[in-house]
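This briefing sets out surface, fold and selected residue features of the structure shown below.

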Amino acid sequence: MSAEFSRGQQDAVDFLERFLDRARHEEVEHQRYGLWGGLHQTHAVSTQVDRLFGHVQETRRRCMSCQGAIRSWYANEKILRVSPVLMDGGPLTVSELYWASSAPCESCMHCPQCQRDTTHRTQTRMMTAPNVLAIQVRRQEGARVPVAVEQQLDLPGFPLMELIGVVYHNGRDFHSGHYTCLCRGPGGRFWSYDDTKAVHRED
């Protein structure tokens, strides 16, 4: 893994995913795991990586042509992805972006019952809360869409989650530009990390 990330700037989310996958692979190789069935994954086991960062994501899909049975499956995810959109009233919060990402959407795909491509309605949602929830705000090209990041994330059915850090990227793409971050420190205050400046506390 070190050779892949030894040159140039890398996508921080890509790095995190590959690091967690590698750590999970090592846990499985050394048989440090418990059985975890019912999920769509290569190894039906749970490692310490899954216990810390993993959450179960449910996907439900139904053909709108034949109105057949709803098909559902479950996957082990380590990053929750949301996409910001511009709306009247100011920036959306992270919790609002989560609800938007969980809303049903329609797309064309093959229906095994109709035996042809039809419109399907698909919905995904987070079923369990990890100890550490990593969230990626995926922006499209163009003007930067602002997001209101809450210090406490309160989603119905989940424990109250406290913000511990934010990684910011400024640049045209993830392989160029500049990364900075804020991390919560002693006393609950945030500290700013930027390799062009000295570390300082945000008031």
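The accessible surface of the chain comes to about 13,300 Å² (Shrake-Rupley method, 1.4 Å probe; for residues, only the protein chains shown count as cover), and 51% of that surface belongs to carbon and sulfur atoms. The model is predicted: local features need pLDDT of at least 70 and side-chain atom pairs count only at pLDDT 80 or more, whereas totals for chains, interfaces and linings use all residues. Residues are numbered from 1 along each chain as its sequence is written, and side-chain values use heavy atoms, with hydrogens and water left out.

**Overall fold**
- The chain contains three helices and 16 strands, taken as DSSP runs numbered from the N terminus (helices: H or I, at least four residues; strands: E, at least two).
- The C-alpha trace spans about 60 × 50 × 35 Å along its principal axes.
- Of the 203 residues, 29% are buried (under 20% relative accessible area; exposed is over 50%, partly exposed in between; 1.4 Å probe, protein chains only).
- Among contacts (heavy atoms within 4.5 Å) with a separation of 6 or more, 47% join residues 24 or more positions apart.

**Residue W191**
- W191 belongs to strand β15 (residues 190-193).
- The relative accessible area of W191 is 30%, so W191 is partly exposed.

**Residue C105**
- C105 lies in strand β7 (residues 105-111) and is partly exposed, because its relative accessibility is 44%.
- Not counting residues up to four places away in sequence, C105 touches H120, R121 and T122.
- C105 and S72 are 33 residues apart in sequence, with a C-alpha to C-alpha distance of 15 Å.
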